[in-house]
Amino acid sequence: MKLERTHKIFNPPVRTLMGPGPSDIHPRVSAALAKPVIGHLDPEFSNLMEDIKDLLRYAFQTKNDVTFPVSAPGSMGMEICFANLVEPGDKVIICRNGVFGNRMEENVKRMRGEAVMVDDEWGRAVDPQKLEEALKANPDAKIVAFVHAETSTGASSDGKTLAALAKQYGCLTIVDTVTSLGGSELRVDEWGLSAVYSGSQKCLSAPPGISPVTFSADAIEKIKNRKTPVQSWFGDINLVLSYWTGSGKRSYHHTAPVNAMYSLHEALLMLAEEGIEKAWQRHKDHHLQLKQGLENLGMQFIVPEAERLSQLNAVTIPEDKNEMKIRSGLLQKYNLEIGAGLGPLAGKIWRIGLMGHSCNQKNVTLCTEALADLLQNA
């Protein structure tokens, strides 16, 4: 058998990433990836694992003992939360206001649970009143699931209020913070969140492929008292923790992506050096600058200001403009990536990210000036 193509070393173009993820990574994070590989059970790597867990607790603002990075992207973090907490027959109320509520529903179905959907318009936050009505109508519900920062629309929901309602009616929570961790106010302990998952490639500005998760003591108690085995072997917390437990006690579960963990550690260290609240404020400040520039170009945000994410800006495409042509032009002429709309918003909006290392004044200026050029000459 012969190769069908001629192959050579791959040299990727240098892009500025201002889409819905991944984001640009800092040279310090890139350098961490290139450090020498060591074994995933090496005592030095075990020490690094403990550092990562501590830094993640800071990022999540939690003291949860069970806080660690899953060796897989955010979708696996989501699956681990649902696989461990949902048993066959469990009723789960899912707040859906975009693409990722659909994925939550699919997870519940695959775990043979019963999904009760609470729908809000795409581009709007989850309505707490609708959730309370669903909780009253379903007193046997065990879990409430919602997306804190909906990447498909740029809408931010009130996690504190939603979690308080869930607790009032005796439910645990599963919360998607893939786009919010490191970029929006998120206080896992103060808000009383039960199981939370995120991703490495957005506001943390580490390479894609890692999913930070954290579980409250109440969530772990439910997992330990399951009547049925966890459907996912890889994602079974009881097994994973044999690897992510304290230094010196680890047993083999899987081979962690060692160099990716180096880079996540460096990104988290940089977040701690900046300060979590300063990072939240930086995203807000540059969002306001980008907002002014986009509105000057005639674009409108689809999310009301009070419900709007700073790090994911969903804006309407000016009339009579070819969205794909302009988006392609940004990539070809300016090496600038922005995102298209998804689902019912496809062809109607652009999603412009200001995430992590990509969230800076230089990128705000580049984006607005490049769009002004292409829109004028389209």
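Guide: Two strands count as paired if DSSP finds at least two bridges between them. The model discussed here is predicted.

Visitor: How many bridges join strand β8 to strand β9?

Guide: Strand β8 covers residues 172-176 and strand β9 covers residues 195-197. The two run parallel, and Val-175 stands opposite Val-196 in β9. A pair needs at least two bridges, and the number joining β8 to β9 is three.

Visitor: Which strands stand at the edges of the sheet, and why is one side of each left without a neighbour?

Guide: The sheet is open, with mixed pairing, and its seven strands follow the order β2-β10-β9-β8-β5-β3-β4. Each edge strand has a single partner strand, so one side of it has no neighbour in the sheet. The edge strands are β2 (66-70) and β4 (114-119).

Visitor: At about what angle does helix α3 run to β9?

Guide: Helix α3, residues 74-85, lies across β2, β5, β8, β9 and β10. Helix α2, residues 43-60, lies across β2, β9 and β10, and runs at about 105° to β2. For α3 the angle to β9 is about 165°.

Visitor: What distance does helix α4 reach from its first C-alpha to its last?

Guide: Helix α4 spans residues 99-110 and has twelve residues. At 1.5 Å a residue, the expected value is 16 Å. The computed value is close to this, at 17 Å.

Visitor: Which residue takes a positive phi just after α4?

Guide: Within α4, the buried residues include Val-99, Phe-100 and Met-104. Just after this helix, a positive phi of about 60° occurs at Arg-112.

Notes. Residues numbered from 1 in each chain as written. Predicted model: local features only at pLDDT ≥ 70, side-chain atom pairs only at ≥ 80, totals over all residues. Heavy atoms only, no water. Helix = DSSP H or I, 4+ residues; strand = E, 2+ residues; numbered from the N terminus. Contact = heavy atoms within 4.5 Å. Axes fitted to C-alpha atoms, helices over the stretch in contact; angles between N-to-C directions. Expected span 1.5 Å × (residues − 1). Buried < 20%, exposed > 50% of the residue type's maximum accessible area, 1.4 Å probe, protein only.
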